[in-house]
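My entries follow the model itself.

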Amino acid sequence: MRWAHVARKDFADASRAKMLWVLTALMIVAVVGISAIPKLLYIPGEGGPAPDFEVAISYLFTTMTVMVSIIGLVVGYQAIVKERETGSIRFLLGLPFTRLDVLLGKAVGRAAVVAVPTVVGFAIGGAVIFVLYDGFVLTTYLGLLAFSILMGLVYVTLAVGVSASVSTRAKAVTGVLGIYVLFDLLWWAVPMAIYWLLERELPGTHDLPTWYVFVERLGVWNPLEVISGTMVDIAGVETISTADRIAGEVPFYLETWFAWVFIAAWIVVPLAIGYYRFKRAVIS
Amino acid sequence: MPAIRTDDLTRRFGDIVAVDGLDLEVRKGEVYGFLGPNGAGKSTTINMLLGFTPPTAGSGTILGHDIVEESLEIRQRIGILPEDFGVYSRLTARKHVEFAIDAKNADDDPDDLIKRVSLTDAANRKAGGFSTGMKQRLALAMALVGEPDLLILDEPSSGLDPNGAREMRAIIREENDRGATVFFSSHIMEQVEAICDRVGIMRSGEIVAEDTIDALKAGFDADARLVLTVDAVPEGMSAELEGLDGVGDVIVDGLDVIAVLADSGRKAAVINAVEAAGATVEDIRSDEPSLEDLFAALTNDDAPFGETAERNSEMIDT
């Protein structure tokens, strides 16, 4: 378990970074602030019943997913490339660690670093939500916490993989941003664009070809969203099931459980590419 | 089994040959000074030994382990003071040393090591605020973890004041007395004279001389320099002097005439020839070459001892 030494050292080092505490503060403000919005907007006696826990958690869900993905990328992108730029990698690789030890230790250490603000944010946010809203459901809240930690892991390993692949921080930022924009923010447009090129019309919501949903699932967010439906019970979010969207039978790879395979790939593939490139990197 | 052995070790970067077919052998228990000017290929060699840079061709072993295939075993048994390293700016000196102890599964007391390198006062300070010399001491403390069989120190004195450099030498001696082999690089000759059993001098990716300091000096001693200060330099004089037996290069520098003598018994002949050419000799100096001259001769084309360098390298080949 040599990588565990790297992970422990990295956690000790990275958790002393100002950036982490800025992000934690931001997280607390976001969790508390966003969850309080429905309560603040509600004027008693007008517009239906008072907002409850379910309304608050759906607000929180949206915020958390954006926050955690950004924190994961920010914490991860410097993991290895910064050590190459500052030269501390010479200590690390001068000690008895393989480059795989370094990569795994960094991924685990940084995932732990992301989990810290996530847990802190949830603990404080949980207290606020408990006080402000009726009907607090602990399992739902813990489900969202677990999902957020999973998300943090996915985004941090993605960024660590990029960090291992490049030689400068500037390239790491470019790589991480590029992947985030393409595979996360804009990925929904990719199957749509392919569909348009093939059919010369925009897709509807039903009778989609199987490949369409498959391409959707290749993005980062889509399989996470599918998994979130099983981990967090959010009222008011009625997603159309895959069976209703596609024409014909649902193939196994588009079933809900298989989304875990896509997510596992999003963790493993960036690390594997990072390892391939880092193993061949000349440290000079 | 030698501590370090390389066999035709080569590294190219594009068209540039940084290390060219290096055959190096460092014996167990010796202090080996790896010398050469900046850019000679010393760091690239060390980077290959440590597994930082893969060789383009050739091979090497450290303590019997292959530098490419068994780098992990090597790094478990050696201590490294790298060149151009950076510290973890948010971690204290003690945390750095503790990390190295953890990594090697060693049982050293971090405070003892910190004391050995005279960093006790700064043990709990974050290394980000350290001066270059303090960082160098910290890196040395990390290198000493686990009583390594071999220490590889890349420019260990850089950033140290004279006092720090003296302490560094004292630690190198202590480690050597304990039984460790020490291999260190330097671009400053005088640092090595006091502590090295043997030196290898590198230039343009190749070893151009390798021997004990005494033997290198002895091989070089034959080439004393005679410096004559004259009132005027007659035309054609230097060509005439170069024609004399036992005289190598003749350099005229203002009113100084510098003759390189392969045979120091030829001083009188040179002085006579200068006077015969019509110049008056006003001052006579005879320079026994210093180690620094030797180094310059071996590593610099323009130095007046260029011939010597070639002869020395031939000496090694045979």
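Entry 1, a residue in chain B. I note at the start that this model is predicted. I looked up B:Glu73 and found it in helix α2 of chain B, which spans residues 71-77. Is B:Glu73 buried, exposed or partly exposed? I read a relative accessible area of 38% for B:Glu73. Buried would need under 20% and exposed over 50%, so B:Glu73 counts as partly exposed. I then checked its separation from B:Ala297, which lies 224 residues away along the chain. The C-alpha atoms of B:Glu73 and B:Ala297 are 39 Å apart.

I looked up how chain B is divided. Domain 1 covers 4-217 and domain 2 covers 224-288. Taken over C-alpha atoms, the centres of these two domains of chain B lie 44 Å from each other.

I turned to the second largest pocket and noted a volume of about 430 Å³. The most comes from α2(B), with 3 residues. This is the helix where I had found B:Glu73. Last, I sorted the lining of the second largest pocket by class. I recorded 11 nonpolar, 4 polar and 5 charged residues.

Definitions and conventions. Residues are numbered from 1 along each chain as its sequence is written. Chains are lettered from A and ligands numbered from 1 in the order in which they are written. This is a predicted model: local features need pLDDT of at least 70, side-chain atom pairs count only at pLDDT 80 or more; totals for chains, interfaces and linings use all residues. Side-chain values use heavy atoms; hydrogens and water are left out. Helices (H or I, at least four residues) and strands (E, at least two) are DSSP runs, numbered from the N terminus. Buried means under 20% relative accessible area, exposed over 50%, partly exposed in between (1.4 Å probe, protein chains only). Domain bounds come from an automatic or database domain assignment. On a 1 Å grid over the protein atoms alone, a cavity is a set of points where a 1.4 Å probe fits but cannot get out, and a pocket is an open set with protein on both sides within 12 Å along at least five of seven lines; lining residues have an atom within 4 Å of a point. Grid points are joined across faces, edges and corners, and a volume is the space filled by probe spheres set on the points. Ala, Val, Leu, Ile, Met, Phe, Trp, Tyr, Cys and Pro count as nonpolar, Asp, Glu, Lys and Arg as charged, and the others, Gly among them, as polar.
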